[in-house]
Amino acid sequence: MRDVTFSIRAITLDLDDTLWPFAPIGARVEHVLHDWLVAHCPRTAEQFPVDAMHPHLAHDFSRLRKLTLARAMALAGDDVAHVEPAFEAFFAERNRVECYPDAIAALERIAARLPVAAITNGNADLQRIGLRDHFSFQLGASEHGAPKPAPSIFRAACARLGVAPHHVLHVGDDIELDIVGAHAAGLRTCWIHRDDLHGPEPRWPHAHITPDLAFPTLDALADWLDAHLQDDAACQ
């Protein structure tokens, strides 16, 4: 972590693999959806097993999931009216998250000090998860029309917060999508390099770009913000 002298007035925060690990969710949701199809659309389940139902849309996973289901059902001869209930079974499981042990308490501490906006390429629903009250708003790639690392999604969040990008700290786990993308948009950056993703001795791969802050957990960032914002207040 390099020496920092900047002022932070707002936070933008990644969700998957920053507040909770995504791998367990990704593994579960496909099988929950397949089990639903077995029960309600068996021909679709037979012709389109789990490995054949992985959607790949750049910025709107929910829409692509529905389109994929509709096409699969039509090809299999099942009623496409089942798309919405099938998606609901999938989406309910997608939002059954287990946060990292430090995440909720750290988020509460951070949100008590600064406005926090979620920026995500995924389709997590903070209202369903029960964390919406800690955020000013959630901006998804599907709503914005472009995913991270596009600078436009970061700048749109800053504009909505009413804070200039150089006073906004973007916090996330992904080196390219979060840190490089936010840096290109003019935001300050914090890399959360959790052990389950990056190991106990993470390596930063870029020589020309480095994060302003780097911590293994979100509560370490909350500690830093407590000290840093107190120092800012003392200087005013």
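Reader: Okay, which residue forms a salt bridge with Glu143?
Author: That's Arg160, and the closest N and O atoms are 3.2 Å apart. A salt bridge here is a side-chain nitrogen of Lys or Arg within 4 Å of a carboxyl oxygen of Asp or Glu. Before we go on: this is a predicted model, where local features need pLDDT of at least 70, side-chain atom pairs count only at pLDDT 80 or more, and totals for chains, interfaces and linings use all residues. Residues are numbered from 1 along each chain as its sequence is written, and side-chain values use heavy atoms, with hydrogens and water left out.
Reader: Got it. How many salt bridges are there by that rule?
Author: The count is 10.
Reader: What does Asp223 pair with?
Author: Asp223 meets Arg109, at 2.7 Å from N to O. Asp223 sits in helix H11 and Arg109 in helix H5, 114 residues apart. Helices (H or I, at least four residues) and strands (E, at least two) are DSSP runs, numbered from the N terminus.
Reader: Which residues are in a network with those two?
Author: Arg113 and Asp226 are linked with Arg109 and Asp223 in a network of salt bridges.
Reader: New topic: is Asp212 buried or exposed?
Author: Asp212 is buried, because its relative accessibility is 3%; buried means under 20% relative accessible area, exposed over 50%, partly exposed in between (1.4 Å probe, protein chains only).
Reader: And its partner?
Author: Asp212 pairs with Arg188 at 3.4 Å, N to O. Arg188 is partly exposed, at 29%.
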